[in-house]
Amino acid sequence: MNAVDNVVFLIEEEPRPDMVLPDELDESGQAQLLGLYEGTALTDRDDGWAGALPDTIFLFRGPLSRYCDTVEELIDEIAVTVIHEIAHHFGIDDDRLHELGWG
């Protein structure tokens, strides 16, 4: 984790409405978004980023809990979600993450 610098990790019960795309809602209107990276990927930064506010990685307790049936599944999914969001910090997009099995 030494390479992850100036990133805040937050756990929220549910994502805010402005965080969720329409295709990230289930049939009952509940968010299915498990995590979110908000910030500028390292690959998109230049020398002017020194002193910038930290990027944020959110984990959403409600969607994660609804997605998993057991504690073991939840632990595994949290790990996958954290890796997925950290990958966005390093500039890896969703298509590539899915190719690598971290979608």
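In these legends, buried means under 20% relative accessible area and exposed means over 50%, with partly exposed in between (1.4 Å probe, protein chains only). The model is predicted, so local features need pLDDT of at least 70 and side-chain atom pairs count only at pLDDT 80 or more, while totals for chains, interfaces and linings use all residues. Residues are numbered from 1 along each chain as its sequence is written, and side-chain values use heavy atoms, with hydrogens and water left out.

**View A. Asn6, ahead of the strand β1.** Asn6 lies in the segment before β1 (7-12), where strands are DSSP runs of E of at least two residues and helices are runs of H or I of at least four, numbered from the N terminus. Although Asn6 is not a glycine, its phi is positive, at about 65 degrees, and the residue is partly exposed, with a relative accessible area of 35%.

**View B. The largest nonpolar core.** A nonpolar core is a set of buried Ala, Val, Leu, Ile, Met, Phe, Trp, Tyr and Cys residues joined through side-chain atoms within 4.5 Å. The largest has nine residues, namely Val4, Val7, Leu34, Tyr37, Ile57, Leu59, Leu64, Val82 and Ile86, and the elements that give two or more residues to this core are β3 (55-60) and α2 (71-89). A second, separate core of seven residues includes Met19, Leu33, Leu36 and Phe58.

**View C. Surroundings of Leu59.** Leaving aside neighbours within four places in sequence, the residues in contact with Leu59 include Leu10, Leu34, Leu64, Ile78 and Val82, contact being heavy atoms within 4.5 Å.
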